Amino acid sequence: MAFDILALGELLIDFTPESAPGAEKTLYSQNPGGAPANVLAAAAALGAKGALVSRVGDDAFGRFLIDTVERHGIDASHVSKDPKVHTTLAFVCLDESGDRSFSFYRDPGADLMLSPADLPAPLFRESHIFHFGSLSMTAEPARSATLAALALAKQSGCLVSYDPNWRPSLWRNETEAVELMRAPLRQVDILKVSDEELELLSGTADLAEGSRRLNEAGPTLVLVSLGAGGSFFRCGDVTGAVPAYDVKTVDTTGAGDAFLGAVLTLLKDKTRAELEALTEPELTAIAAFANAAGSLATTRKGAIAIMPDRAQVEECMKNCPKKGEN
């Protein structure tokens, strides 16, 4: 396989606040971001080989993004530059606990201009895992490109990973969002949701019941990231909860992507049959490793540039207390 993970979706600029929450004047730093790119960066830091299919503006931000992902070991050969539409921008707002919200400048943004004609079909046959999110399904032509890429991935025998990544402001309404976000589930092997997304897509906040409903909709492995609460997993009838690590949180941007990138790295050599056969101890070990990666990602501001490497994750697992431990 040429690549362990092929991802499709938004590559954008996160403007992250440098000032304390509530400050009268806020200064922002320019950080590379976009969930699919964040996942690839996390996986690359842990030793996986990844490629990104995306679109940026033919502007200073777009060139910065391409240079950045390449510098972090991600193949950007299929990140195209749009001559007419600017690179998407997102301003991150942090509260006093480090939790974030986003304001997007994307009407449209270059990432939405990705079309089915931009898809490198041979690359799907050379990749083991295909990963995507829902932000590329919020408008055309990126929606059609995403669904065409999903079809190519299935035809090519890829394991399919999906992170719905709910951003209410980017959808016309919640009803349409839920319908479109649920549509790919029957073709997904690995699903990662937050607790909010679990309730949105399953209709219940109960971890066991919600994950069961999502599992029955298609995905073999359902992962629920719970922030400071750790994570929950379901693979068929096998379930478990794993605590997070107790670290000093500064910025939660990219934490879920770091978690998922770590999971995909550990699954990059698994077949679909091996995925289905994962045991509770194996899943617990995967979740613990991913929790450490996600926890470490909260200790610095940004996303792509701050993903931990394997040595840092293993050190965290060895030396950082777990949440709830005395």
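**Salt bridges in a predicted model**

E209 forms a salt bridge with R213, and their closest N and O atoms are 2.9 Å apart. A salt bridge here is a side-chain nitrogen of Lys or Arg within 4 Å of a carboxyl oxygen of Asp or Glu. This is a predicted model, in which local features need pLDDT of at least 70, side-chain atom pairs count only at pLDDT 80 or more, and totals for chains, interfaces and linings use all residues. Residues are numbered from 1 along each chain as its sequence is written, and side-chain values use heavy atoms, with hydrogens and water left out.

E209 and R213 both belong to helix α7 (residues 207-216), where a spacing of 4 residues separates them by about one helical turn. Helices (H or I, at least four residues) and strands (E, at least two) are DSSP runs, numbered from the N terminus. E209 is partly exposed at 23% relative accessibility, and R213 is partly exposed at 35%. Buried means under 20% relative accessible area, exposed over 50%, and partly exposed in between (1.4 Å probe, protein chains only). The pair is also part of a network of salt bridges that links E209, R212, R213 and E216.

The structure holds 13 salt bridges. Another of them joins the side chains of D163 and K192, at 3.9 Å from N to O. D163 lies in strand β9 (residues 159-163) and K192 in strand β10 (residues 190-194), so this pair ties together parts that are 29 residues apart in sequence. D163 is buried, with a relative accessible area of 3%, and K192 is buried at 5%.

K268 and D269 form a salt bridge as well, with the closest N and O atoms 3.4 Å apart. D269 is exposed, its relative accessible area being 59%.
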